[in-house]
Amino acid sequence: MTTPVCTSASKAATPATAAQTLPYPSFSSYMRARQPVLLRTARSLTGNPSDAEDLLQTALTKTYVAWERIEDHRALDGYVRRALLNTRTSQWRKRKVDEFACDELPEPAPVPGGDDPAEQQALRDAMWRAIMRLPARQRAMVVLRYYEDLSEVQTAEVLGVSVGTVKSAVSRALGKLREDAELGLVRG
């Protein structure tokens, strides 16, 4: 016949002499003495040290709540191991399944524009190097016109030149960019 480990109905006060003869007079002394062993058990249930620490923490919390009701302190390890196992089973049952088995592998969503992001970055870098090779005045006009998205009139006002000058300088700059050998290699 087994002795009860935990009784919730009886809350009889234990005599002071019985408390002194218990192998673990307090929860903290039990925890300090048995934590390494119980942590190994938790690691065997989870396979991950961080998850094992969380699991043991939860099981020890449950043990602490029930500490006064536990009559046989010699069976504490069994009580905590059962709490570990029940807690782990509950976690396993509650877990959210993010992946589902299917017959066909899903294809990745196409990138807008159909280009690889690395290729797009290489093209941007090549474009900036080509723009930096333009004369300063043409470079300023191209940057204001296309990167800052100013109109031809606004670009002319910022630079203090006529609209016709902006149009002709931008046209010549775009022609140089079209003929740039490095941009041709990246685009091609």
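Contact here means heavy atoms within 4.5 Å. The model in these exercises is predicted.

**Exercise 1. The fold in outline**

Determine the secondary structure content of the protein chain, its buried share and the reach of its contacts.

*Solution.* 
- Step 1. Count the elements. The protein chain has nine helices and zero strands.
- Step 2. The order is α-α-α-α-α-α-α-α-α.
- Step 3. Turn to burial. The protein chain has 188 residues, and 24% of them are buried.
- Step 4. Take the contacts between residues at least 6 apart in sequence. Of these, 58% join residues at least 24 apart.

**Exercise 2. The largest nonpolar core**

*Solution.* 
- Step 1. Identify the core. It holds 16 residues. Those with the most contacts inside it are Tyr30, Leu38, Ala42, Leu56, Leu60, Val80 and Leu84.
- Step 2. In soluble globular proteins, nonpolar side chains tend to be buried together.

**Exercise 3. Helix 2 against helix 4**

Describe how helix 2 and helix 4 pack, and list the residues that meet.

*Solution.* 
- Step 1. Take the geometry. The axes lie 11 Å apart, and the packing angle is about 35 degrees.
- Step 2. Assign the hand. The crossing of helix 2 and helix 4 is right-handed.
- Step 3. List the helix 2 side. Tyr30, Arg34, Val37, Leu38, Thr41, Ala42, Leu45 and Thr46 take part.
- Step 4. List the helix 4 side. Their partners are Leu76, Asp77, Val80, Arg81, Leu84, Leu85 and Arg88.

**Exercise 4. Helix 6 against helix 7**

Classify the pairing of helix 6 and helix 7, then examine aspartate 149 in the loop between them.

*Solution.* 
- Step 1. Take the geometry. The axes of helix 6 (residues 136-147) and helix 7 (residues 152-159) come within 9 Å. They cross at roughly 135 degrees.
- Step 2. Apply the cut-offs. Roughly perpendicular covers 65 to 115 degrees, and roughly antiparallel needs over 145. Helix 6 and helix 7 are therefore oblique to each other.
- Step 3. Assign the hand. Helix 6 passes helix 7 in a right-handed crossing.
- Step 4. Name the residues. Ala140, Met141, Leu144 and Arg145 of helix 6 meet Glu152, Thr155, Val158 and Leu159 of helix 7.
- Step 5. Inspect the loop. Aspartate 149 sits between helix 6 and helix 7. Its phi is positive, about 60 degrees, although aspartate 149 is not a glycine.
- Step 6. Check accessibility. Aspartate 149 counts as exposed because its relative accessibility is 64%, and exposed means over 50%.

**Exercise 5. Two further loops**

Decide whether aspartate 72 and proline 25 are buried or exposed.

*Solution.* 
- Step 1. Apply the cut-off. Buried means under 20% relative accessible area. Aspartate 72 is at 13%, so it counts as buried.
- Step 2. Find its partner. The side chains of aspartate 72 and arginine 74 form a polar contact of 3.1 Å.
- Step 3. Check accessibility. Proline 25 has a relative accessible area of 55%, so it is exposed.
- Step 4. Proline 25 and histidine 73 are 48 residues apart along the chain, yet their C-alpha atoms are separated by 9.1 Å.

Terms used:
Residues are numbered from 1 along each chain as its sequence is written. This is a predicted model: local features need pLDDT of at least 70, side-chain atom pairs count only at pLDDT 80 or more; totals for chains, interfaces and linings use all residues. Side-chain values use heavy atoms; hydrogens and water are left out. A nonpolar core is a set of buried Ala, Val, Leu, Ile, Met, Phe, Trp, Tyr and Cys residues joined through side-chain atoms within 4.5 Å. Buried means under 20% relative accessible area, exposed over 50%, partly exposed in between (1.4 Å probe, protein chains only). A polar contact is a pair of N or O atoms within 3.5 Å; within protein, one must be able to donate a hydrogen and the other to accept it, and residues adjacent in sequence count only if both atoms are side-chain atoms. Axes are lines fitted to C-alpha atoms, for helices over the stretch in contact, and angles run from 0 to 180 degrees between N-to-C directions. Helices (H or I, at least four residues) and strands (E, at least two) are DSSP runs, numbered from the N terminus. Angles under 35 degrees count as roughly parallel, over 145 as roughly antiparallel, 65 to 115 as roughly perpendicular and the rest as oblique. A crossing is left-handed if the near helix is turned anticlockwise from the far one by less than a right angle, and right-handed if clockwise.
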